[in-house]
Each structure stands twice: as C-alpha cells, then as structure tokens.
Amino acid sequence: MELVKNNGGYFLFCCVLLHVIVVGCESLEAPLQKKTCTYVITIQTTCTWGGETSNHVSLRFGDTNSSEILVRHLNSKHLRQVDPLEPDVLDDIPRKPFQACMVDQFVVTAPCVESPICYLYLKLVGNDDWRPGFAQVDVLEGSHLSSNNFYFRRYLPRLVWHGSDACDSEVTPFGFKKKRKVHVENP
C-alpha cells in the first residue's frame, strides 16, 4: 500500500505535467505568416538632359491599412528596360537602370498589402541628380491592389523621401484635404 501512495503522487505529478505540456503547446503554435506578393515596379526616367542617375534609389509604398513595403536599394532589383511607347521588352540584357528616356521594371517580393496601394515615395542617395517621370506598382497576385501612376517630373531632392500620398484624403468644397503623414525611421 505504501508503494501505491508514493507512486500515486508521482503519477499525479506526471499527469499534471503532461496536461500543462499539451495545453501549453496549443498556444505555442507558430503565428500565421503574412502572405507574400510579387510587386512589379515600373519607373520612367524623363528625357531631360541630366535626368539619369547612377545613385542608389530607395522606394517605399503602401496602403491605407499601414502595410508598408520598403526597398532600400531598388537598383539591385532591376528586371528589364521596356519601350516607353509600347509595353514590349527591349532586351533581356542587364543594363544600368534610371537612364534618360527609359522605362525600367523592378521585381520585389514582400508581404502583401491589404488594400490598393495609395502612396509611393522615392529617396535618392548620392551626388548626381535624377528626374523620374512616373512610378507605378503592379501587384501580380491581385490587380485590384495595384497603384495608379505617381507623377514626379522634377528633380528629386537628395537624402529625403519625396512622393505622393493619396491615402486618407477627403473632398471638401475647397478641394482635397489630406492628413499629414510623418515618416519616422525605425532604429
């Protein structure tokens, strides 16, 4: 009888431990990963003299639900150059992006946005000037999430984010009223 009492406590301890492990493991499941999407970014460089650049260009875009995609060195994601007048590929030979009068396409894989892309900013890091004409982001997994064209047509300032934000705008009798968005760098 003494053996049963001693082993009964051990058995009860093992049952409680097993219960804690089983119940605890249910909450330790891996969190759901956000689905990834493929983005094709199209950027046109104007035909203005001195409009091209060999500097690093960064890009950030997103939607109204705070889904933000940041591409630090867009130059390294270069896919191809296309004819500005027709969407045909000129060639598949790797070339330097952001040349005057050219349209470049870049491919980026990142977490999916949840609503249509409504803002896009570019950042130029380097010494020479660059004058983009327009930029557009196409979401291959859902064309309804793709952006409209974002027009620049001016030289980009260096080392600052420059672009447009069509999110959170409301129509008033005096025109469009937009909420100010301040971007804070994460450490």
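Trainee: In this predicted model, which handedness does the disulfide of C118 and C167 have?
Mentor: Start from the torsion about the S-S bond of C118 and C167. That torsion is about 85°. The disulfide is therefore right-handed.

Trainee: How many residues apart in sequence are the parts that C118 and C167 tie together?
Mentor: Place each cysteine first. C118 sits in the loop between β6 and β7, and C167 in the loop between β10 (162-165) and β11 (169-172). The pair therefore ties together parts whose separation in sequence is 49 residues.

Trainee: Is C167 buried or exposed?
Mentor: Buried means under 20% relative accessible area. C167 has a relative accessible area of 3%.

Trainee: What is the S to S distance between C37 and C112?
Mentor: A disulfide needs cysteine sulfur atoms within 2.5 Å. C37 and C112 are joined by such a bond. Their S to S distance is 1.8 Å.

Trainee: Which strand holds C37?
Mentor: C112 lies in the loop between β6 (103-111) and β7 (119-125). C37 lies elsewhere, so the link ties together parts that are 75 residues apart in sequence. The strand that holds C37 spans residues 36-45 and is β1.

Trainee: How far apart are the sulfur atoms of C47 and C101?
Mentor: C47 and C101 form a disulfide. The separation of their sulfur atoms is 2.0 Å.

Trainee: Where does C101 lie?
Mentor: C47 is in the loop between β1 and β2 (56-62).

Trainee: Does C47 count as buried or exposed?
Mentor: Exposed means over 50% relative accessible area. C47 has 53% relative accessibility. C101, at 32%, counts as partly exposed. C47 therefore counts as exposed.

Trainee: What is the pairing of the bonded cysteines, numbered in sequence order?
Mentor: The search of the whole structure finds three disulfides. Number the bonded cysteines along the chain. The pairing reads 1-4, 2-3, 5-6.

Trainee: In β7, which residue is the bridge partner of H56?
Mentor: β2 and β7 pair in the antiparallel sense over seven bridges. In β7, the partner of H56 is V125.

Conventions
Residues numbered from 1 in each chain as written. Predicted model: local features only at pLDDT ≥ 70, side-chain atom pairs only at ≥ 80, totals over all residues. Heavy atoms only, no water. Helix = DSSP H or I, 4+ residues; strand = E, 2+ residues; numbered from the N terminus. Buried < 20%, exposed > 50% of the residue type's maximum accessible area, 1.4 Å probe, protein only. Pairing = 2+ DSSP bridges.
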